[in-house]
Amino acid sequence: MAAAPILEFRGVTKRFGALTANDNISLTLNQGEVLALLGENGAGKTTLMNILFGHYQADEGEILVDGEALPPGSTQAAISAGIGMVHQHFTLADNLTVLENITVGTESLWSWRQENQANREKLTRMIEDYGLVVDPDALVSTLSVGERQRVEILKALYRDARILILDEPTAVLTPQEADRLFETLKSITAKGLAVIFISHKLHEILAISTKVAVLRRGSIVGTLATKDAKREQLAELMVGRVVTRPKLSAIKRGAPVLEISDLTTGGGGSSALKNVDLVIHAHEIVGIAGVAGNGQAVLADILSGLIGNFTGSASINGRELAAGDPRSIVASGVGRIPEDRHARGMIGDMEIWENLISEDLRSSEISYGGMVINGDRARERATEQIKEFDVRCEGPEAETKLLSGGNMQKLILSRALSRNPSFILANQPVRGLDEGAIAYVQGRLLEARQAGAAILLISEDLDELMSLTDRIAVIYHGSLSLPEPPGKRSIAEIGLMMAGQTQNKSEELQGVGHGH
Amino acid sequence: MSDLFEILFTAGFWAATIRIVSPLIFGTLGELICERAGVLNLGIEGIMTVGAMAGWMWVYQGGDLWTGVIFAACVGALFGLLHAIFTVHLCLSQHVTGIGITLFGSSLSYFIYRMLLPDATTPPKIEPFEPLLIPWFSELPIVGEALFSQTALTYLALLTVPVVWYVLFRTPVGLAVRMSGENPVAVEAQGINVLAVRTGAVMVGSALMAVGGAFITMSWFDAFYFGMINGRGWICVALVIFASWQPGKALLGALLFAGLEAMQVRAQQSAGAIIPYQFFLMLPYIMSIVAMIVMARKTKYPQALLVPFRRGERV
Amino acid sequence: MVIEPRQSVSIWRAGLAPVWAILASMAICAVLIAWAGASVPNAYALLIKGAFGSAFAIKETLTRSIPLIFTGLAVSVAFRAKFYNIGAEGQLYAGALAATFFGTGLITLPPALMILLLILTGAIAGGALLIVPVLLKTHLKVDEVVTTLLLNFVVLLLVSYLIEGPWKDPMSLGWPQAASIIDEGVFPLLLEKGRLHLGLIIAILFAILVWLMMRFTVLGYEIRAVGYNAKAAEFAGINVNRTVIITALISGGLAGIAGVSETAGLKGYLTLDLSPGFGYTGIAVAMLAQLNPLAVIPAAIFLSAVYVGSDAMSRAVNIPTYIADVLVGVSVLAVLCSVMLSQYRIRWLK
C-alpha cells in the first residue's frame, strides 16, 4: 500500500468570525478506501468537505489531489480534479428534468447547442453500470427521496468523479435504502473510486468504512482503521466526554389526551393524510417514523394549526382542536416544537423577549386589552425563562439570530413548555444539535412526560425513536400504522414499513402492501 | 360596435399593432431573462427611459442609427450591471433596488437631456428608422402593410423571440440561466458561477429593455419626450407573469396589449365624443392587472425568483 | 468576495448609515454638477442657502416636507411588513379626490370638524385604493409592486378626466382644475407670512402615532413579525394575511392624507400637478429613515430641502432642476448599500 494518496489535507484551517470550524486538519485518502468522517453536529465535518469542494476557502493549509495542489475556492477546479459531492440537502432543481440537472455545467457554456442525444446515451449507460435506476426525463419534483439521492450520485459519476463525498447520506433513507446505498458504494470502490462518508451514526460507519477519522470541535482527535475500532471508543472520541442520553423510565400511562380519528386531507400525493387514527395518553411519548414527504409534516401542521382544511377529527382532552388557528391551539394546552427552528421557530431579527411572547401576544399577562404590549412583564418573564432553560445569551434584549442552534432550540422549548402543556408536538426536536443539547432537549421532554404530558415525537432518527418513545407508529404515503412498543418490531421491520413494503395496520389491511 | 369590428380589418390597425408591440417585446423578453435567472428587475421603467434617451441622443449628436441602438443597449447593460451588483452580489432587496434604479435612470436621463439641450422648447427631432419594405411580401394586401412594411428594429424585435427561446431552452448557457432561477445552489455545485450567470442574464435583459426604449424614440417617434415610457416597463413586468415566463406566450401577450392600444387610439377617434379619452388610456394598465389576476393561479414562478445566493455562507 | 455578518453592530455605525448614504449621493451628484460646468462647492452652498438661507426658505422647505412626511410614513409602515407599496402617488391623489368631493360644498361643518372630515375621508380613499393590490397579494400572490404602480397611472387619468370634465371649476378660465375647497376645510396657516400650514403639525403628530404603534402595540409587533419572517409569525399564531391587509390600509391612508394636506392645505384646489412625484420620493424618505417613523421627519425635511434648494441653485448656476430627482434616486440605492455595510462586512478573497 505504498501508492501515493489520491487525496491529502495538509493543515487546513477555517474560521468563521470567532469560531474555528476546522483547526489544522490533516488527512489522507487512498484509492478504493472508504474514509468515514465521524463527528457530532457542529464538529466541522461539512465545513471541511465544503472546503474540499470549493464552496468555502480555507484560511490556512492546502489540499492535494494526486499530489497536486487543488486551487482553493473553486468548485470547477474540484470537479475537474475528480471530486464529486452528494450534499446533505440535495442540490437539485425541482422543475427541471433529471438529465438537465445532471448535464448542467458539463458542456461549454458558449456552445450553441446541447449534445442531448450523446448526453442521454452516456447517462443511460451509467444508470445501467451502477444500477442507479432513475428515469432521465422525469422532472425531479416527481422523484422520491431515494431516487433524488441516486440523481445526486449520478451527477458526480457523470463528471468522472474519482473521489465521492457523501454528507450524511442516510439521514433521509429507510434502513433498507441505506443498505442499498452501501451496496452501491461497494461497487463504486471496487471500480477504484475513493469515498468519504460523513456521518454521526456509529453503526453505519463500522459497517461501510475502511478508515475512520473522528472530528471534535473542528480538530481531528483520532484516525484509525475501522477493523481496529470499537463502538464505545469511537463514541467517546466523538463526544470527548461521557454524555448519556436520558432514558425512558417506566410509568403508567394516564387518560387519553390527543385523540385523532379518520384524519384525511385532500390533494392526493404521498403527503396527503389518509384516514389517520392515533391516540396518545398522558405520561406517554408516541413516535412517528417515516421517510420525509410521507405526511408527517402535514400531520404536524394540522396539530400546529397551520392547516385547517381536513376531514375527520382531532381533539385534545376531549375538546375539538381549533382547526387552522395556532393561537387557540396553544391556548388549549398544546406546546409545539417546529421542524425548522430558523424558518418557523424564531424570528431572528427580533429580540429574545419578543420571540418569547409571540404565542400569547393578546393574553392579559402580556398585553393591556390585547392592544398594547406590557414590555416590562414580557422582559421579566423572558428573564425567568432564560434562566430556567439555561439559555446562553446576553439577556432578554439580545438579538435572537446571534444565538447558537442549541440555545435557539432551548428558547423554543421554553416557549412551548413553560405553560405546562398537556400535549406536546415535537417535530425533529434534536436535529442538528450537538450531544449536550440533544441530551438537554430529550431530558426536558422526558420531564414533561413524567409530569403528565402526552408527547408526539416525529423523527428521522430511528435510534432516537427506539430509545425515547413508549410506542412507535410508521407513516407511509399518508397512512399511519398502529403504534407498537419499540421492543415489538425490529429496526429492519420498521424500515420495511417506512418503504411501504409490508402489511401495516395489523391484520385488517392485509394485502394492501405491495411487493417490490 | 360595428366600427370597432371594422377596425380589425384595416391594414393600418395591424401595422400600428406590430409597431406598438416592438418595445413591449424587447421589454418583456428582457424582464423574462432576468426573472428566469432569479432576479426581478423593477429597474425596467428607468432602463427603458435611459435607452430611449441614450439612443436618441446618440443620433442627435451625429451618430448613425444602428450604432445608436448598440449604444442604448450598452448603456442599458451598464444599468443592468448596477442592478446586478446590488441584488446579485450584495444580495440587497430586489424590489427596492429596482425602484431605485428606475428613479435614478429616469431622472438621470432627463438631467442629461436638459443638460445637453437646455433651451429646446419644442423637442428637436432626428431622422428615425425608415420602413423597410420586404420585396414582394410588402405588396400583399393587409399583411403586407402590417408585417412587411415595418422598420428594421421591428423585424429585430420579432426575431428576438425565437432567439431568446432557443438560447434559454436549447443551449447550455440557457440551461444554466434557468437553473439559476430554480436552484442556484445546484448550479454552483456543478461548478458554474451563479453570480456570473445571474449578472450576465440581468445585463443582457437590461440591454434588451434599453433597446425597447430606444425603439420608441428612434423608430416609433423621432423625438424624446419627458414621461414617454409612461408605465410601459411596468406593463412588461405584468406581461412576464401573464406569459408564465415563456417567450412564445410573451409574444402573444404583447400582441394582445399592442392590439388593445392600437384599437384604443382608433376607438378614441370614433367614440371619443361619447367616452372620455382618459378611459381609453386607462385600459392597458387595468388590463395588465386583469392579466395578472387571470394567470395568478396557473403560473409556476421560477422557484428561486427573489432568492439571493450567497457564496460561502454558513448555512 | 464574501459577505459576512458583523458580530455586533454599533449604534453609531447603524445610525450613521443614512448620513454616509447622503454624502455618497452628494458626491455622485457633484460629478454631474461639475460636468454642467458649475463649481461644486458653490452649487451646494447655493442649494443650502436656497433651502435654509432665509425665514422664507425655511418655511418653504418645511411646507414641501409635509407631503413627504406622510408618504414617507406610508412607505415605511408598508415596507416594515415587506408589503412593497409603490402606489403612494396614486393614493395621494385618491386622498385629494376625496377632499375635493367632500370639501367643495357637498358638506359644510365647522372648521375643525370639516378638516377632520377631510382627513378621514382622504385616508379612507387612500386605503381603499390599496384594497385590490393587497387582496391580490394575500389571496393570489400577485406582486403588489406592479399592481400599485399600474394603479398610479389609472388614478392620474381619473383625476385628469374629473378635472377636465364633471369636476372642472367653471371659474377657472379653461384651466383643468377642480373647484376650491370651502373656507371651513382649508388648513389654517401656522405663521402669518408664507405658506406653512397646519399640515406640518398633523404630519408630526402622525409620525409620533405611527412610531408608538410600531413600538408598543400588538399590531406593531405583528407588522414587524410578518415583515421579518412571515412563516414564523404564522406559526406563532399571527394572522399574516390580516396583518398585511391592515398594514396596507394604514399605509394607503397615510398617503391619502398627504393628498388632503396638499389640496386643502397648500393649493386650495385639485390639479394634475398637485404632486411632482411625492409618492415616489416617499420611498427615498422611508429608506433614509431606515423605516423608523420618527426619523421620517428629518429625512423628509432633508429631501424637501434638496428640492427647494435645487430650484434656487439651478436658477443661479444653470443646472437642470432634475439634479434633485437624481439625488433622490441615488440616495435610495446608496442607503441600501450603507445599511448593508453597517451590518455586514465584505471580505475580498484572493
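Let's start with the largest nonpolar core, which has 392 residues. By nonpolar core I mean a set of buried Ala, Val, Leu, Ile, Met, Phe, Trp, Tyr and Cys residues joined through C-beta atoms within 7 Å. Buried, in turn, means that 20 or more other C-beta atoms lie within 10 Å of the residue's own; exposed is 12 or fewer, partly exposed is in between, and the C-beta atoms are placed from the backbone. The residues with the most contacts inside this core are Ile163(A), Ile165(A), Ala210(B), Leu239(B) and Val296(C). Helix α10 of chain B, residues 194-220, gives the core its largest share, 16 residues. Helices here are DSSP runs of H or I with at least four residues, strands are runs of E with at least two, and both are numbered from the N terminus.

Before I go on, a word on what we're looking at. This is a predicted model, where local features need pLDDT of at least 70 and side-chain atom pairs count only at pLDDT 80 or more, while totals for chains, interfaces and linings use all residues. Residues are numbered from 1 along each chain as its sequence is written, and chains are lettered from A and ligands numbered from 1 in the order in which they are written.

Okay, back to Leu239(B). What does Leu239(B) touch, not counting residues up to four places away in sequence? The list is Leu24(B), Thr28(B), Ala250(B), Gly253(B), Ala254(B) and Phe257(B). A contact, by the way, means C-beta atoms, placed from the backbone, within 7 Å.

You'll find Thr28(B) in helix α2 of chain B, residues 11-36. Thr28(B) has 34 C-beta neighbours inside 10 Å, so it counts as buried. Leaving aside neighbours within four places in sequence, its contacts are Cys236(B), Leu239(B), Val240(B), Ala243(B), Ala250(B) and Ala254(B). Take Ala254(B): 226 residues separate it from Thr28(B) in sequence, yet C-alpha to C-alpha they are 7.9 Å apart.

Now zoom out to chain B as a whole. How many helices and strands does chain B have? We get 13 helices and zero strands. Its radius of gyration, taken over C-alpha atoms, is 20 Å, close to the 20 Å from the globule rule for 315 residues, so chain B is as compact as a globular protein of that length. That rule is 2.2 Å times the number of residues to the power 0.38. The C-alpha atoms fill a box of roughly 65 × 50 × 40 Å along the principal axes, and buried residues make up 57% of the 315. If you take contacts in chain B between residues at least 6 apart in sequence, 79% of them join residues at least 24 apart.

On to chain C, with 14 helices and two strands. Here the radius of gyration is 21 Å, in agreement with the value near 20 Å that a compact globule of 350 residues would have. The C-alpha trace spans about 70 × 60 × 30 Å along its principal axes, and 57% of the 350 residues count as buried.

So how do chains B and C meet? The contact takes 40 residues from chain B and 39 from chain C. On the chain B side, α4 (65-89), α5 (94-116), α11 (232-242) and α13 (277-296) each supply at least two residues. The largest share, 13 residues, comes from α5(B). That side divides into 26 nonpolar, ten polar and four charged residues. For those classes, Ala, Val, Leu, Ile, Met, Phe, Trp, Tyr, Cys and Pro are nonpolar, Asp, Glu, Lys and Arg are charged, and the others, Gly among them, are polar.

Chain C also touches chain A, with 17 residues from chain C and 27 from chain A. The elements giving two or more residues to the chain C side are α9 (218-228) and α10 (230-236), and α10(C) has the largest share, six residues.

Last stop, chain A. An automatic or database domain assignment sets the bounds: domain 1 (7-239), domain 2 (249-333 + 420-516) and domain 3 (341-418). The centres of domains 1 and 3, taken over C-alpha atoms, are 39 Å apart.

Leu29(A) sits in strand β2, residues 19-29. With 20 C-beta neighbours inside 10 Å, Leu29(A) counts as buried. Leaving aside neighbours within four places in sequence, its contacts include Ile6(A), Leu35(A) and Ile163(A).

How values were computed. Contact = placed C-beta atoms within 7 Å.
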